[in-house]
Protein chains: 2
Amino acid sequence: MILDKINAPADVKKLSVNDMKSLAEEIREALFNRLTKIGGHFGPNFGFVEATIALHYVFDSPTDKFVFDVSHQSYTHKILTGRKAGYIDDSRFSEDSGYSNPGESQHDFFNIGHTSTSVALALGLAKGRDILGRSENIVAVIGDGSLSGGEAMEALNVAGSELGSNFIVIVNDNEQAIAENHGGIYQNLKDLRESNGQAQNNWFRAFGLDYVYEENGNDIAALINVFEKVKDSKHPVVVHIHTQKGKGYRLAEENREAWHWCLPFDRATGKPTLDFGSGESYTSITSRYILDKARNDKDFIVVTPAMPMSVGLGIEERAQLGRQYIDTGIAEEAAVAIASGIATNGAKPLVVTNMTFLQRAYDQISQDVCINKAPITMLMNYTAFDGLTDVTHLGIFGLAAFTNIPDLVVLCPSSAEEYVNMLDWSIDQREYPVLILIPGNAVAHRAADMSFGNINQYKVEQLGEKVAIVALGDFFQKGEEAAAAIEKELGFKPTLINPRFASGLDKELLNSLKSGHSLVVTLEDGIVDGGFGEKIASFYGTSDMKVVNLGLEKKFYDRYNPQQLLESLGITADKIVERVKRFI
Amino acid sequence: MILDKINAPADVKKLSVNDMKSLAEEIREALFNRLTKIGGHFGPNFGFVEATIALHYVFDSPTDKFVFDVSHQSYTHKILTGRKAGYIDDSRFSEDSGYSNPGESQHDFFNIGHTSTSVALALGLAKGRDILGRSENIVAVIGDGSLSGGEAMEALNVAGSELGSNFIVIVNDNEQAIAENHGGIYQNLKDLRESNGQAQNNWFRAFGLDYVYEENGNDIAALINVFEKVKDSKHPVVVHIHTQKGKGYRLAEENREAWHWCLPFDRATGKPTLDFGSGESYTSITSRYILDKARNDKDFIVVTPAMPMSVGLGIEERAQLGRQYIDTGIAEEAAVAIASGIATNGAKPLVVTNMTFLQRAYDQISQDVCINKAPITMLMNYTAFDGLTDVTHLGIFGLAAFTNIPDLVVLCPSSAEEYVNMLDWSIDQREYPVLILIPGNAVAHRAADMSFGNINQYKVEQLGEKVAIVALGDFFQKGEEAAAAIEKELGFKPTLINPRFASGLDKELLNSLKSGHSLVVTLEDGIVDGGFGEKIASFYGTSDMKVVNLGLEKKFYDRYNPQQLLESLGITADKIVERVKRFI
């Protein structure tokens with residue numbers, strides 16, 4: 001085994017091209033070992049094995065610096081930089097995150113999980129190098145799918161004129177991001193591929209960048225040759241390489257969308273080895289809802305920045321939606337602004353993506369949407385503390401980010417019935433921009449009404465005494481559990497409130513609680529700072545009402561155990577009973 | 001006067017080309033009337049008079065729809081669409097905002113003040129039109145300077161492939177945004193101008209857009225000709241027109257940066273007619289600080305997304321900074337991410353712009369900077385409630401937006417000495433990302449220390465009893481006034497605290513206040529929702545301490561009287577005394 005002897009990039013430099021080809025196959029076996037057992041990003045990594053070996057052969061990491069976009073193609077880089085145990089030793093999988101991570105290795109410079117950031121971050125490294133008078137190579141690796149993001153294009157534009165020194169951008173063109181690519185530049189990339197880099201109107205050259213094309217992006221010798229040509233170059237240059245996504249696994253080569261990311265799977269059949277059952281989920285409810293709505297209302301249109309799967313819109317569902325569907329590519333800012341225009345011209349847009357990505361459109365939500373009161377609906381998945389637990393993909397900051405933008409109605413459903421009613425109300429109304437958080441817990445059922453036009457009207461689900469529990473969205477069930485535990489342990493029935501609206505106060509109801517209650521406990525699935533509960537604490541600031549705000553801390557949690565986290569934060573029925581006891 | 005007869009676009013359509021030329025001159029006189037007396041955007045409007053007339057001659061507004069980027073070039077559009085009184089009748093200036101405004105006219109579709117949004121908003125109008133089965137023309141007008149913003153590029157990319165129907169983007173190329181343009185595409189625009197649109201590597205065509213060039217962007221007949229060619233086109237097309245910024249006023253033609261925007265001025269000399277005095281200001285302190293720091297520390301570098309004037313860096317100061325200055329063009333996302341890279345590679349970046357624009361980099365601050373704890377300093381101007389009062393430029397949302405991002409240290413100085421110390425500490429330390437809000441009030445002086453390394457340590461400026469006033473940043477002086485009034489009116493000396501840190505709690509100090517105090521009053525220059533004071537209310541939620549949070553409401557205020565607003569919110573010494581009385 002050649003991989004046995006590879007503990008650092010220096011070991012790669014000793015290899016012949018043939019050895020490196022063998023190494024590539026051994027690395028694919030290591031990738032299979034990890035991915036069949038714990039899942040992860042498949043296609044991006046399998047396609048970038050040869051290029052990573054060639055990069056480490058030609059450049060001198062960590063003096064020369066690599067920045068991987070999204071960093072979901074950095075597994076081979078990890079294997080070559082002292083972290084192979086996380087791939088070949090099953091007991092050590094957890095040592096490696098799925099993304100680049102300076103905490104793991106001096107060969108990584110940033111924790112990266114969002115797209116389109118690598119060019120700007122690397123350009124900053126280059127500018128820092130220039131200021132400090134050094135001369136290392138700076139290399140950004142960006143996939144074709146990430147090029148559509150504004151941050152990437154801004155940085156290409158800056159690189160084209162403001163640097164004038166060494167800066168190398170590897171465009172890893174595998175003809176596909178996650179779903180199929182969208183955007184005019186993909187035709188340009190195709191033209192460049194088909195003309196061996198000679199096509200007119202070269203998008204990269206238009207930015208003022210030098211440009212080199214390499215067709216054989218999985219051929220180590222060819223890659224070494226092209227990387228050696230640009231090494232130590234004194235002007236920003238794009239190296240456009242054509243790679244095969246999922247290379248080395250027939251199923252992944254043939255179905256690139258399905259194999260962008262994988263669950264643990266059986267190598268022979270490609271079938272997942274985890275069974276999630278085929279039961280009801282908020283995702284299945286959502287995709288069904290969207291297809292029904294589109295059939296029944298021709299003014300309805302789904303807008304997504306390349307995340308149709310966040311609401312279960314696979315290839316088939318997208319085909320059914322037809323012209324009632326627009327994918328902007330990875331471009332959250334444009335997606336939200338386009339939705340504003342669609343609504344302003346009279347149609348009914350629904351923007352769908354994951355919570356963590358919506359903050360990329362913060363200014364557009366404020367300026368393009370809310371100042372203009374454009375009645376768009378934004379529907380977010382992975383909003384919950386126990387959804388995605390990588391530090392770069394947390395949904396727990398959404399309430400703090402978006403409940404403080406004026407005129408934005410933020411809705412947190414607590415049951416399937418309420419969720420569907422909120423969608424119905426929001427998509428059809430013409431007055432408010434609305435953000436709906438898809439619950440992260442198991443599907444709950446409870447009768448719900450359609451009274452959302454009464455903005456900020458909370459719902460009293462149980463009228464009791466002494467203590468009022470105000471439990472938001474997918475933490476409503478925790479409120480129910482706590483209320484039951486209080487009744488059982490403390491012998492009285494507390495009031496239980498489903499606020500539904502996270503972005504404002506039901507002042508009338510909150511005032512009415514002052515009689516008969518001395519404690520309000522708020523529960524929210526997000527950080528407390530800047531979120532829902534603090535608004536209630538401030539409201540009661542001058543009254544005798546005591547307020548406990550329960551939620552997460554303002555902190556970048558990373559790969560945690562969700563249940564342990566809840567325990568430590570006191571968000572369990574037992575711990576809530578204990579707290580309440582102190583005040584009653 | 002031809003203008004006398006122009007009350008709607010239909011009146012323009014009756015004119016001959018010669019009449020339209022005369023109308024252009026009359027409109028310039030109307031612009032002079034308003035701008036010499038109340039100031040506003042000069043260069044963009046003087047350069048776009050002919051093009052606006054031609055647009056209204058060729059297209060049928062409001063059925064055909066115009067969306068103006070930044071909308072600071074829409075004055076002529078306003079004059080032609082029933083709002084000329086705001087230009088020719090001095091008593092009616094206030095009827096017209098400085099930006100497009102649907103509240104004023106059915107010919108406007110959005111309130112717009114931030115850059116780079118027009119293409120996406122208009123693309124949304126086009127998509128909405130298609131969904132509803134209509135066929136009007138949709139026209140976005142974007143200046144060259146706005147093209148560097150990610151949102152604009154994202155939308156050009158989407159337009160290039162996802163629409164396939166009528167969509168017209170007018171690129172108003174006046175060779176200059178605000179300061180000189182930065183970015184590789186400006187060379188491309190220059191190449192296109194110099195080749196009459198024939199240059200290789202056409203950036204717009206690379207996006208998949210059709211393209212037409214018109215050199216004579218101030219020639220009404222030529223413009224009518226080119227607009228008629230693209231009217232009713234069935235595929236997205238860019239019309240690149242070359243205009244003269246500031247046309248019709250020699251001083252503005254010669255100094256385009258100085259005349260982008262103007263204060264009231266004397267037409268003969270170009271000198272401002274308002275005297276702001278030459279006294280000390282936070283802007284002058286800042287520019288002096290930056291130049292000194294750059295001289296003394298070669299690792300220090302200023303990064304700005306095209307807003308050097310926000311900290312008083314004029315042409316001369318920028319020349320002095322030399323390589324210690326990088327302007328990314330209007331590109332906030334890239335600016336912040338580049339700063340992260342610069343800091344990560346060991347140098348010391350200071351990002352400068354206006355508060356309202358920083359929210360365009362919300363995700364970059366979270367992901368590229370804070371998750372990576374990159375020690376950058378971000379320095380914001382126009383943070384105060386009485387800075388910019390247009391709804392699109394408010395600084396009052398900054399605290400709510402940024403104090404809830406983990407690991408970001410938000411500093412609010414209360415005096416010149418403290419401000420400079422904060423800059424010194426922040427730029428040199430290597431542990432924290434820091435955001436500093438430049439005070440909006442008159443320069444205050446008070447001795448300050450350098451203890452900012454003790455994160456979240458507040459400063460007790462006066463130890464008193466019963467009531468503690470926690471007054472943040474440029475509202476500290478209001479706290480001082482309130483404390484003095486309480487002592488005078490109520491006969492006891494309250495405690496006065498300068499928290500300095502807006503992003504966290506000094507729990508030890510807050511706990512200590514529980515003895516001897518029964519009321520805490522917080523004062524902040526921003527909305528209360530999600531801001532500083534609510535964190536304190538939540539902290540005291542289960543104690544007997546009463547808390548009053550004073551600040552602005554979560555609301556899109558527009559062109560208000562700042563002092564009246566403070567009165568209505570109870571943020572005056574008198575009103576605070578009244579409130580305190582109720583609790584003592």
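Axes are taken here as lines fitted to C-alpha atoms, for helices over the stretch in contact, and angles between N-to-C directions run from 0 to 180 degrees. The model is a predicted one, in which local features need pLDDT of at least 70 and side-chain atom pairs count only at pLDDT 80 or more, whereas totals for chains, interfaces and linings use all residues. Residues are numbered from 1 along each chain as its sequence is written, and chains are lettered from A and ligands numbered from 1 in the order in which they are written.

In chain A, helix H7 (residues 118-132) packs against helix H8 (residues 150-162) at an angle of about 35 degrees, the axes lying 7 Å apart; helices (H or I, at least four residues) and strands (E, at least two) are DSSP runs numbered from the N terminus. To this contact, H7(A) brings Val119(A), Ala120(A) and Leu123(A), while H8(A) brings Glu151(A), Ala152(A), Glu154(A), Ala155(A), Leu156(A), Val158(A) and Ala159(A), two residues being in contact if their C-beta atoms, placed from the backbone, lie within 7 Å. By class, eight of these residues are nonpolar, none is polar and two are charged, where Ala, Val, Leu, Ile, Met, Phe, Trp, Tyr, Cys and Pro count as nonpolar, Asp, Glu, Lys and Arg as charged, and the others, Gly among them, as polar.

Chain A as a whole has 24 helices and 18 strands, and buried residues (20 or more other C-beta atoms within 10 Å of their own, C-beta atoms being placed from the backbone) make up 59% of its 584 residues. Helix H17 (residues 362-370) of chain A is mostly covered, with nine of its nine residues buried, among them Tyr362(A), Ile365(A) and Cys370(A). The cover includes helix H15 (332-344) and helix H18 (398-402) of chain A, together with helix H7 (118-132), helix H8 (150-162) and helix H17 (362-370) of chain B.

Between the chains, 97 residues of chain B are in contact with 97 residues of chain A. On the side of chain B that touches chain A, H7(B) gives the most, with 11 residues, and the residues of that side divide into 39 nonpolar, 40 polar and 18 charged. Chain B is superposed on chain A by a rotation of 180 degrees with 0.0 Å of shift along its axis (RMSD 0.0 Å), which is the relation of a two-fold axis; the superposition is by least squares on the C-alpha atoms of residues with pLDDT of at least 70 in both copies. Because 100% of the interface residues of chain B are also interface residues in chain A, the copies meet through the same surface.

Conventions: Buried ≥ 20, exposed ≤ 12 C-beta atoms within 10 Å, placed from the backbone.
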